[in-house]
Number of protein chains: 2
Amino acid sequence: MSRKKNFDPNQVLIRAVELFWKKGYANTSLNDLVEYLGINRFSLYSTYGDKKSLYLLSLNYYIDNYSVPALESLSLGEPSLSALEDYFDYFSKLQYKQTSGCFVQNAILELSLTDEQVSLAGKRLYSLILSGFCHVLKSAKEHHEIASDEDIEKISHFLLVQIQGIRVLGKAKQYKAMEDAVSIIGQYIDSLKVKERS
Amino acid sequence: MSRKKNFDPNQVLIRAVELFWKKGYANTSLNDLVEYLGINRFSLYSTYGDKKSLYLLSLNYYIDNYSVPALESLSLGEPSLSALEDYFDYFSKLQYKQTSGCFVQNAILELSLTDEQVSLAGKRLYSLILSGFCHVLKSAKEHHEIASDEDIEKISHFLLVQIQGIRVLGKAKQYKAMEDAVSIIGQYIDSLKVKERS
DNA sequence: ATTATTCCTGAATGATTGTTTAGTTATATA
DNA sequence: TATATAACTAAACAATCATTCAGGAATAAT
């Protein structure tokens with residue numbers, strides 16, 4: 001019936017994620033986008049809407065395709081506490097490669113005061129992360145790896161702060177501080193384990 | 001010899017801090033600045049240089065006049081561990097009022113990848129914070145409040161991550177998560193104390 | 001009072017911003 | 001093959017961007 005697009009909207013959206021992630025919203029111009037995405041301005045508007053729409057699409061794509069997969073090992077099956085330690089080790093190593101930090105964190109700091117949609121995306125990611133943490137801790141409690149009176153929600157909140165702090169220091173290239181922190185977080189997680197009777 | 005300025009450059013700089021802190025660099029236009037500072041465009045340029053110069057002046061003014069005073073109780077005299085707990089309590093409460101988060105953290109996430117001066121300002125603040133933490137821990141060690149084999153630098157790095165994480169969640173209005181984290185940080189600090197013999 | 005210096009005002013600069021329009025090209029169906 | 005539909009291209013839009021200019025006003029020293 002009609003002409004086909006000469007580009008894959010999904011592939012181009014990934015490029016938009018990369019650019020907004022690296023440069024932020026205000027500092028990414030439409031010229032930047034047109035150049036980096038490799039499509040025409042009009043195609044951009046007709047496919048994704050205006051700049052803010054494309055940004056929000058990118059942000060949510062990031063959550064679904066970058067953040068969520070990293071949480072999988074926490075969310076599936078009946079993980080033990082070591083899954084948590086692995087997750088933090090994974091994250092601290094990730095900071096060396098992902099020099100742009102966390103897209104969602106960048107977005108919250110830049111726009112959450114003025115854009116409700118950004119604020120909502122942030123809340124969505126935090127819920128997903130907390131679910132992952134809670135799932136591990138619940139599983140650990142059921143297997144008597146941690147004490148039955150531990151406050152799972154509270155610990156998860158604490159761990160969420162760790163993730164956010166690590167990503168900030170990663171972006172600031174404070175790698176030593178970051179790794180020292182991860183080491184102590186590991187100690188903390190260990191300290192949750194019930195002592196075996198000898 | 002010449003005409004006097006009819007504004008106080010220091011007072012106006014404080015206004016610039018407020019605006020850049022709240023809106024970020026890219027999203028603050030010169031029109032915004034002229035309006036909010038209450039001085040003419042030309043006066044702005046002749047007094048502070050261009051937009052980026054004013055931003056950097058604002059950022060460093062913030063460090064010296066907002067961050068440093070908050071660290072005083074950690075840096076003076078021979079503080080005990082309770083000074084650390086007070087500091088974190090103070091910070092968690094601050095998030096309800098300072099809805100713009102930490103100006104330096106905002107700056108790092110927005111500009112550290114492209115602006116060396118911003119990166120340096122970040123490093124300067126982190127050094128100041130770490131000095132404060134180390135000073136408290138060293139004092140606590142000398143008073144045998146904590147064990148002599150505790151790694152003071154490592155603990156300070158861990159605490160720096162806490163501050164960064166708290167400020168992110170504060171800006172995201174995740175107050176419950178933030179306060180739960182502060183509670184566990186308090187437990188952690190307590191756990192450093194050497195047990196009294198009974 | 002005169003002069004030299006600096007500041008203030010308001011307009012204008014050219015460049016860049018996000019967005020849209022008009023005209024052309026390609027494709028799927030009839 | 002003809003037609004309807006939608007995507008393509010390139011140019012243009014008004015608005016806003018950061019920065020600067022020219023001319024008048026105020027101040028301190030002579």
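Copies are superposed here by least squares on the C-alpha atoms of residues with pLDDT of at least 70 in both. This is a predicted model, where local features need pLDDT of at least 70, side-chain atom pairs count only at pLDDT 80 or more, and totals for chains, interfaces and linings use all residues. Residues are numbered from 1 along each chain as its sequence is written, with chains lettered from A and ligands numbered from 1 in the order in which they are written.

Me: What kind of rotation axis relates the two copies?
Reply: Take chain A, rotate by 180° with 0.0 Å of shift along the axis, and chain A lands on chain B with RMSD 0.0 Å. The two copies are thus related as by a rotation axis that is two-fold.

Me: Which residue of chain A comes closest to the rotation axis?
Reply: The same surface serves both copies, as 100% of the contact residues of chain A recur in chain B. On chain A, the C-alpha that comes closest to the axis sits at 1.9 Å and belongs to A:Gly165.

Me: Which helix gives the largest share of the side of chain A that touches chain B?
Reply: Contact means C-beta atoms, placed from the backbone, within 7 Å, and each of chain A and chain B puts in 36 residues. Helices are DSSP runs (H or I, at least four residues), numbered from the N terminus; those giving two or more residues on the chain A side are helix 6 (103-111), helix 7 (116-142), helix 8 (152-171) and helix 9 (175-192). The largest share, 12 residues, comes from helix 8 of chain A.

Me: How many residues of helix 6 of chain A are buried?
Reply: Buried means 20 or more other C-beta atoms, placed from the backbone, within 10 Å of a residue's own. The cover over helix 6 of chain A includes helix 1 (9-23), helix 4 (51-75), helix 7 and helix 8 of chain A, plus helix 6 (103-111) and helix 8 (152-171) of chain B. Helix 6 of chain A is mostly covered, and the buried count is 9 of its 9 residues.

Me: How are helix 4 of chain B and helix 7 of chain B oriented to each other?
Reply: Axes are lines fitted to C-alpha atoms over the stretch in contact, with angles from 0 to 180 degrees between N-to-C directions. Those of helix 4 (residues 51-75) and helix 7 (residues 116-142) of chain B come within 10 Å and cross at roughly 5°. Angles under 35 degrees count as roughly parallel. Helix 4 of chain B and helix 7 of chain B are therefore roughly parallel.

Methods:
Two residues are in contact if their C-beta atoms, placed from the backbone, lie within 7 Å. Angles under 35 degrees count as roughly parallel, over 145 as roughly antiparallel, 65 to 115 as roughly perpendicular and the rest as oblique. A residue is buried if 20 or more other C-beta atoms lie within 10 Å of its own, exposed if 12 or fewer, and partly exposed in between; C-beta atoms are placed from the backbone.
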